Amino acid sequence: MSGCIYVALDTTDLVRAKTIATKVRNHVGGIKLGLEFFMANGQAGVREMAALGLPVFLDLKLHDIPNTVAKAIQALRPLDPAILTVHAAGGRAMMEDAKAAAPPGTKVVAVTVLTSLDGSDLAAIGVPDDPHAQVARLANLAREAGIDGIVCSGAEVAAAKKAWPQGFFVVPGVRPAGGDAGDQKRMMTPAAARRAGASILVIGRPITAAEDPDAAARAIEATL
Ligand SMILES: O=C(O)c1cc(=O)[nH]c(=O)n1[C@@H]1O[C@H](COP(=O)(O)O)[C@@H](O)[C@H]1O
């Protein structure tokens with residue numbers, strides 16, 4: 001079913017973002033606006049996109065000291081996003097303060113291990129554990145901090161959900177079978193990620209870079 005797909009509108013071009021959102025709107029549950037869009041279009045751009053009527057996932061992956069993250073989220077409150085991201089590596093106090101600063105209806109979710117990283121990338125930044133163990137550790141911290149859920153790859157979501165049945169699980173790094181990986185390293189098909197327990201799937205280029213984004217979204221939806 002289509003409600004679980006959030007299309008990642010990774011562009012600086014507001015007109016392009018609106019055009020794609022309008023094309024795919026019947027096959028997605030919401031739109032995700034990230035750093036690229038926000039840096040170029042700011043809160044005014046987010047408001048224009050919200051006017052299309054789809055839930056907005058504002059993916060700014062905030063990561064700073066607790067006070068700074070809380071103040072940044074307070075500044076975003078007027079946008080009242082459906083979902084907002086912080087980095088779990090910012091720590092427990094940061095996540096607690098992020099949740100306290102967010103509008104009551106906003107799900108605050110913590111990015112655990114980016115889907116563009118594998119075990120050797122983690123080793124290079126001084127994390128000896130593999131992605132699975134690191135996601136489990138950060139998911140536990142996020143749960144203890146009282147936020148709503150995490151972002152992880154499809155490969156970790158089943159274990160994370162088992163440990164946190166009430167959690168909200170965002171899964172990016174989603175590719176239809178045979179799809180172009182791009183910069184993603186930990187990938188799964190949409191159907192497999194959903195079966196594994198993803199609450200929502202974040203899908204960007206497989207839809208937005210397709211010649212016909214509407215047909216691409218429809219084809220993915222049909223597999224779910
Ligand atoms: O927080 C995210 O949404 C996110 C976390 C993560 O670990 N990996 C990841 O790819 N994302 C986002 O998910 C989207 C994936 O885009 P595609 O690779 O084009 O499907 C991008 O907007 C990323 O910013």
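Helix 6 and helix 7 cross in a right-handed sense. The contact is formed by Pro 131, His 132, Val 135, Ala 136, Ala 139 and Asn 140 from helix 6, and by Glu 156, Ala 159, Ala 160 and Ala 163 from helix 7. The model is a predicted one.

**Helix 6 and helix 7**

- Helix 7 spans residues 154-163, and its axis lies 10 Å from that of helix 6 at an angle of about 30°.
- Because angles under 35 degrees count as roughly parallel, helix 6 is roughly parallel to helix 7.
- Sorted by class, the residues of this contact between helix 6 and helix 7 are seven nonpolar, two polar and one charged.

**Helix 1 and helix 10**

- Helix 1 (residues 14-24) packs against helix 10 (residues 213-223) with 8 Å between the axes and an angle of about 45°.
- At that angle, helix 1 is oblique to helix 10.
- The crossing of helix 1 and helix 10 is right-handed.
- Helix 1 contributes Ile 20, Lys 23 and Val 24 to the contact, while helix 10 contributes Pro 213, Asp 214 and Ala 217.
- Four nonpolar and two charged residues make up the contact of helix 1 with helix 10, with no polar residues.

**Helix 4**

- In helix 4 (residues 92-101), the buried residues are Met 94, Met 95, Asp 97, Ala 98, Lys 99 and Ala 101.

- Asp 59 counts as buried because 26 C-beta neighbours lie inside 10 Å, where 20 or more are needed.
- Lys 61 has 15 other C-beta atoms within 10 Å and is therefore partly exposed.
- Leaving aside residues up to four places away in sequence, Asp 59 touches Lys 32, Leu 33, Gly 34 and Thr 85.
- With that exclusion also applied to Lys 61, the residues touched are Thr 85, Val 86, His 87 and Val 111.

Methods: Residues are numbered from 1 along each chain as its sequence is written. This is a predicted model: local features need pLDDT of at least 70, side-chain atom pairs count only at pLDDT 80 or more; totals for chains, interfaces and linings use all residues. A residue is buried if 20 or more other C-beta atoms lie within 10 Å of its own, exposed if 12 or fewer, and partly exposed in between; C-beta atoms are placed from the backbone. Two residues are in contact if their C-beta atoms, placed from the backbone, lie within 7 Å. Axes are lines fitted to C-alpha atoms, for helices over the stretch in contact, and angles run from 0 to 180 degrees between N-to-C directions. Helices (H or I, at least four residues) and strands (E, at least two) are DSSP runs, numbered from the N terminus. Angles under 35 degrees count as roughly parallel, over 145 as roughly antiparallel, 65 to 115 as roughly perpendicular and the rest as oblique. A crossing is left-handed if the near helix is turned anticlockwise from the far one by less than a right angle, and right-handed if clockwise. Ala, Val, Leu, Ile, Met, Phe, Trp, Tyr, Cys and Pro count as nonpolar, Asp, Glu, Lys and Arg as charged, and the others, Gly among them, as polar.
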